[in-house]
Amino acid sequence: MNTSKTLDINCDLGESYGVYRTLSDESILPLITSANIACGFHAGDPATMRLTVERALEHQVAIGAHPGLPDLQGFGRRRMNITPREAYDMVVYQIGALEAFVRASGGRMHHVKPHGALYNMAVEDAKLAEGIAEAIYQVQPDLYLYGLAGSELIHAADRIGMRSVSEVFADRTYGVDGKLTPRSQAGALIEESGQAIAQVLRMVKDEVVVSTDGTLVPIKAETVCIHGDGAYALAFAQEIRRVLESEGIKLSAHTTG
């Protein structure tokens, strides 16, 4: 068994806005190593962004912007027919908003991870992925781009020469092509925590994932996304951290060496 693996645990946070409040952020932060903070388009608002940045810095959690499509009602999960230039503009705008709060709090931004439909569209669309990657690189070239392992997002980062982190998901199933099963399909979500944790361990240690048809698919796992908005989110975060540490896996956000 290889016990020298390093894994980042990321979570989407800062998704309260107006009178709507999520309750898990403060309890999840001590258990993760990087946070993707909503920037106001799909969720979040200025006060929430500021508070989430401050709490992330208190817990020494790496801070990332989580730009999405401008769709509060759909939580950024509904696809829109946007151009690569529109994606570029949206991402630059949202990075800038969060970056201001990070600087005002004395911190430094670490990464950018697109949200929801924007992420899933860019997984498949090379031009859209390039628009997103260029936006990140031109704002701050040393930021990491978090993208689905093996996707067009990672390929776009490679072409530009920017840093990327290959992401896997604990609670999602995979197709034979290495992409996530769409949420609209049955079996897209893994609801049993033991199964989700076993999937993560196999992706990290063996660098494969079992697809929905039973095929072993090669995968690169550098960061794992856990969701902070489910009924059992806190318990799952506690359990996956405990198991990963017991397996000798180092938990850390990625840094240049």
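Predicted model: local features only at pLDDT ≥ 70, side-chain atom pairs only at ≥ 80, totals over all residues.

Q: Which quantities describe two packed helices?

A: Two packed helices are described by the angle between their axes and by the distance between those axes. Here, the axes of helix α7 (residues 193-205) and helix α8 (residues 233-246) come within 11 Å and cross at roughly 40°. Angles under 35 degrees would count as roughly parallel, and α7 and α8 are therefore oblique to each other. As for handedness, the crossing in which α7 passes α8 is right-handed.

Q: Which residues of α7 and α8 meet?

A: From α7 come Ser193, Ala196, Ile197, Val200 and Leu201, and they meet Phe236, Glu239, Ile240, Val243 and Leu244 of α8. Sorted by class, the residues of this contact of α7 with α8 comprise eight nonpolar, one polar and one charged.

Q: At what angle do α4 and α5 pack?

A: The angle between α4 and α5 is about 120°, and their axes lie 6 Å apart. That angle makes α4 oblique to α5, and the crossing of the two is left-handed. On the α4 side the contact is made by Leu118, Met121, Ala122 and Glu124, while α5 contributes Ala126, Leu128, Ala129 and Ile132. Seven nonpolar residues, no polar ones and one charged residue make up the contact of α4 with α5.

Q: Turning to burial, which residues of helix α6 are buried?

A: In α6, which spans residues 152-160, the buried residues are Leu153, Ile154, Ala156 and Ala157. Viewed down the axis of α6, these buried residues fall within an arc of 160°, so they line one face of the helix.

Q: What do the buried residues of α6 pack against?

A: Their partners are the helices α4 (116-124) and α5 (126-139), together with the strands β5 (144-148) and β6 (163-169).

Q: Where is Glu192 found, and how is its accessibility classed?

A: Glu192 sits in the loop between β6 and α7. Its relative accessibility is 46%, and Glu192 therefore counts as partly exposed. For a sense of separation, Glu192 and Glu245 are 53 residues apart in sequence, and from C-alpha to C-alpha they are 20 Å apart in space.

Notes. Residues numbered from 1 in each chain as written. Heavy atoms only, no water. Axes fitted to C-alpha atoms, helices over the stretch in contact; angles between N-to-C directions. Helix = DSSP H or I, 4+ residues; strand = E, 2+ residues; numbered from the N terminus. Parallel < 35°, antiparallel > 145°, perpendicular 65-115°, else oblique. Left-handed = near helix turned anticlockwise from the far one by under 90°. Contact = heavy atoms within 4.5 Å. Nonpolar A, V, L, I, M, F, W, Y, C, P; charged D, E, K, R; others polar. Buried < 20%, exposed > 50% of the residue type's maximum accessible area, 1.4 Å probe, protein only. Arc of directions from axis to C-beta.
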